[in-house]
Amino acid sequence: MTDALQFIPQREPFVMVDSVEILCQDKCTSRFAIPEESPLCCVTESGTVTFSVPGIIEHIAQSVAAFVGESTLRIEGRVYPGYIGEIKDFVLSRIPVAGQTLDTDIAITAVVDRVTAISASCRTDDGTQVASLKMKISLDKS
């Protein structure tokens, strides 16, 4: 387990990934315990605090950032900001609630210059599927 904060440019309260659990050449697994006070949580009419869809997408994007950031920190000595360039094939299976932990698997499918294409699958720590998508992230190395 590696603290993800060293690999991402985001800072509290907008950090949506806690750690990188598994890190290989083209795959990683990240983890995020959803806090009630997250700016991307919502309160439902019944009073349940849920993690929003934009929160799920941001968590996945930050998981990619941590994955790519580990590599650029190791090779280039710094972490670059990144931008979501494309999201496609997004499937939402369920909305997680505050207090649950998300485990997200990221697989790099292509890297072209500063653009990284990935596929992701996000689930709660009990194995319940939350979402999946394909995404492209562009690094700003200017």
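Guide: Start with one term. A salt bridge needs a side-chain nitrogen of Lys or Arg within 4 Å of a carboxyl oxygen of Asp or Glu. Keep in mind that this is a predicted model.

Visitor: What makes arginine 123 and aspartate 105 a salt bridge?

Guide: Their side chains meet with N and O 2.8 Å apart. The cut-off is 4 Å, so the pair qualifies. Side chains of opposite charge can pair when their charged atoms come close.

Visitor: Where do arginine 123 and aspartate 105 sit in the chain?

Guide: Arginine 123 is in strand E8, residues 115–124. Aspartate 105 is in strand E7. They are 18 residues apart, and the pair links distant parts of the chain.

Visitor: Why is arginine 123 called partly exposed?

Guide: Its relative accessibility is 22%. Buried means under 20% and exposed means over 50%, so arginine 123 falls in between. Aspartate 105, with a relative accessible area of 28%, is partly exposed too.

Visitor: How many salt bridges does the structure hold?

Guide: Six. One of them joins aspartate 103 and arginine 31.

Visitor: How do you know that aspartate 103 and arginine 31 form a salt bridge?

Guide: Look at the closest N and O atoms. They are 2.6 Å apart. That is within 4 Å, so the pair counts. Aspartate 103 belongs to strand E7, residues 101–112. Arginine 31 belongs to strand E3, residues 27–33.

Visitor: What makes lysine 141 and glutamate 76 a salt bridge?

Guide: The closest N and O atoms are 2.8 Å apart. Again the cut-off is 4 Å, so the pair passes. Lysine 141 lies in the segment after strand E9, and glutamate 76 lies in helix H1, residues 53–76, so the pair ties together parts that are 65 residues apart in sequence. Lysine 141 is partly exposed at 28%. Glutamate 76 is partly exposed at 39%.

Visitor: How many helices and strands are in the chain?

Guide: One helix and nine strands. Along the sequence the pattern is β-β-β-β-β-α-β-β-β-β.

Visitor: How do you know that E2 and E3 pair?

Guide: Count the bridges. Pairing takes at least two, and four join E2 to E3, so they pair. The two strands run antiparallel. A hairpin of three residues joins E2 to E3. Serine 19 has arginine 31 in E3 as its bridge partner.

Visitor: How many bridges pair E3 with E7?

Guide: Seven, and the sense is antiparallel. Among them, phenylalanine 32 has leucine 102 in E7 as its partner.

Visitor: How do you know that the radius of gyration agrees with a compact globule?

Guide: The chain has 142 residues, and a compact globule of that length would have a radius near 14 Å. The chain has 14 Å, so the two agree. The C-alpha trace spans about 50 × 30 × 25 Å along its principal axes.

Visitor: What share of the residues of the chain count as buried?

Guide: It is 41% of the 142 residues. The chain exposes about 7,300 Å², with carbon and sulfur atoms supplying 52% of it.

Visitor: What makes aspartate 89 stand out in its phi?

Guide: Most residues other than glycine have a negative phi, and most peptide bonds are trans. Phi of aspartate 89 is near 55 degrees, a positive value. Aspartate 89 lies in strand E6, residues 82–92. Aspartate 113 also has a phi near 55 degrees.

Visitor: Is aspartate 113 buried or exposed?

Guide: Exposed. Its relative accessibility is 72%, and the threshold is over 50%, so the word applies. Aspartate 113 lies in the loop between E7 and E8. Aspartate 89, at 47%, is partly exposed.

Visitor: Which form, cis or trans, does the peptide bond from glutamate 12 to proline 13 take?

Guide: Cis, with omega near 10 degrees. Proline 13 is in the loop between strands E1 and E2.

How values were computed: Residues numbered from 1 in each chain as written. Predicted model: local features only at pLDDT ≥ 70, side-chain atom pairs only at ≥ 80, totals over all residues. Heavy atoms only, no water. Buried < 20%, exposed > 50% of the residue type's maximum accessible area, 1.4 Å probe, protein only. Rg over C-alpha atoms; globule rule 2.2 N^0.38 Å. Areas by Shrake-Rupley, 256 points an atom, 1.4 Å probe, with all protein chains shown as cover.
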